[in-house]
Amino acid sequence: MIITNNRKVTAENFFRGMFETCLKSGEVIEAIEFEIPKKSSYQKYPNPASRYAIVGVYVAKYKEGVNVAVTGAKACVYNEKDLGKALDSNFSPNAISVIKINSSDMNSDIHASAEYRANLI
């Protein structure tokens, strides 16, 4: 939860696009609150020159549910809900081995195609 001087916003609604958030003019972030996961890991495939993530994936297992956040693949960070649901049912690599990630709205540039990014996820 992102807490500003005017309101509370979920992280999923905070990020809008490349370098864009839902903050309004004059609005300032005052605090960020989040549940500490039982287990978590962040892995990225870095660009060799910049070390920025071509794709980065953060998996967080909570008492109730699993979130999978992805960065670098689309215009902004997003929650990959299909992977989260599968891991919530069975927290193992086997649970996600058959899931195909849709690449239709992913970034494609000189570093990686949309299809490659989907495969990295």
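1. The protein, a predicted model, exposes about 8,300 Å², and carbon and sulfur atoms supply 52% of that area. Accessible areas come from the Shrake-Rupley method with a 1.4 Å probe; for residues, only the protein chains shown count as cover.

2. Of the 121 residues in the protein, 32% are buried (under 20% relative accessible area, with a 1.4 Å probe and protein chains only). The C-alpha atoms fill a box of roughly 45 × 40 × 25 Å along the principal axes.

3. The secondary structure comes to four helices and nine strands; helices are DSSP runs of H or I with at least four residues, strands runs of E with at least two, numbered from the N terminus. Their order from the N terminus is β-β-α-β-β-β-β-β-β-β-α-α-α.

4. Among contacts (heavy atoms within 4.5 Å) with a separation of 6 or more, 33% join residues 24 or more positions apart.

5. On numbering and limits: residues are numbered from 1 along each chain as its sequence is written, and side-chain values use heavy atoms, with hydrogens and water left out. Local features need pLDDT of at least 70, and side-chain atom pairs count only at pLDDT 80 or more, while totals for chains, interfaces and linings use all residues.

Technical notes. Buried means under 20% relative accessible area, exposed over 50%, partly exposed in between (1.4 Å probe, protein chains only).
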